[in-house]
Amino acid sequence: MASRSLSYTQLLGLLSFILLLVTPTTMAVRVGVILHKPSAPTLPVFREAPAFRNGDQCGTREADQIHIAMTLDTNYLRGTMAAVLSLLQHSTCPENLSFHFLSLPHFENDLFTSIKSTFPYLNFKIYQFDPNLVRSKISKSIRQALDQPLNYARIYLADIIPSSVDRIIYLDSDLVVVDDIEKLWHVEMEGKVVAAPEYCHANFTHYFTKTFWSDPVLVKVLEGKRPCYFNTGVMVVDVNKWRKGMYTQKVEEWMTIQKQKRIYHLGSLPPFLLIFAGDIKAVNHRWNQHGLGGDNFEGRCRTLHPGPISLLHWSGKGKPWLRLDSRKPCIVDHLWAPYDLYRSSRHSLEE
């Protein structure tokens, strides 16, 4: 019998059919329809961090734990790793740090492996954050990164972490801590729900639209309040008071108004200002040297503010790892670089 050769197109078709048969873990066939599972992102590879151990004066009780919450965004993972390393390196009791990471569904296994291989001794847990909680509530802001669901996860933190946790420090991923975080942890809250550095010479006209200022009902919420701005990327939160005061629902109410009337331009910050401005426990400015990423549009270089520094925060568009990789870093980006655990091809060659 004469052999029959297959065309290039036929070969491709046959190969596609074989792949469907031999890769059942990545696809499912039902009634002739191929259903793709969400593909895991390609995560960067990091060097293993050294082990950090407690000093002799550190306690071992549950009450000695310091609870820290952060989000795990695959696009900001390099920043998160640097932040965690800085926290451990400058802590007197690093083994007492308990990390609560919030991530989107489907990626937690890959993220768990990445963190565990980088920090084998880290005390941490990853929680799934359902983006559907906020997807319909998010309004477009001045920068796309501010509109991502994980940017709003801090609003739901009290509902996600264990009920046994009654105080937590929330930190953004674009920062490094250069002091013992225990000092911030033990801040006296004085009955307030939130503690953070605040700036009481703020001009709130920049944060809200003309629609807000022209509405006598809406603007009334700021009457009698000091115009104090605070950055929500560094907060100590009394979780019990947050839950009892139903502050998640209060933030959601402002997000609903925003969807209807467009009363501000930024992402998750303005609702916090509407609720808490002028009514938080103020902590020393050294705990949030913010704005190092420049503005939200161009991210131009900025210099450090005068005074002592415990925390460096690259809020704004410019992120240190991107500027360093582009070989166009700002001077302040070199303060972030020592905490970068990213295993680039350059690092591999050096090893």
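Trainee: What share of the 351 residues in the chain is buried?

Mentor: Happy to start there: buried means under 20% relative accessible area, exposed over 50% and partly exposed in between, with a 1.4 Å probe and protein chains only. Here, buried residues make up 48% of the 351 residues in the chain. Keep in mind that this is a predicted model, where local features need pLDDT of at least 70, side-chain atom pairs count only at pLDDT 80 or more, and totals for chains, interfaces and linings use all residues. Residues are numbered from 1 along each chain as its sequence is written, and side-chain values use heavy atoms, leaving out hydrogens and water.

Trainee: Which residues touch the most other members of the largest nonpolar core?

Mentor: A nonpolar core is a set of buried Ala, Val, Leu, Ile, Met, Phe, Trp, Tyr and Cys residues joined through side-chain atoms within 4.5 Å. In the largest one, with 51 residues, Phe-99, Phe-101 and Phe-119 touch the most other members. Another core lies apart from it, with 48 residues that include Ile-168 and Phe-276.

Trainee: And how should I read contacts, say, which residues does Thr-211 touch?

Mentor: Contact means heavy atoms within 4.5 Å. Leaving aside residues up to four places away in sequence, Thr-211 touches Lys-261 and Arg-262.

Trainee: Is Thr-211 buried, exposed or partly exposed?

Mentor: Thr-211 has a relative accessible area of 36%, so it is partly exposed.
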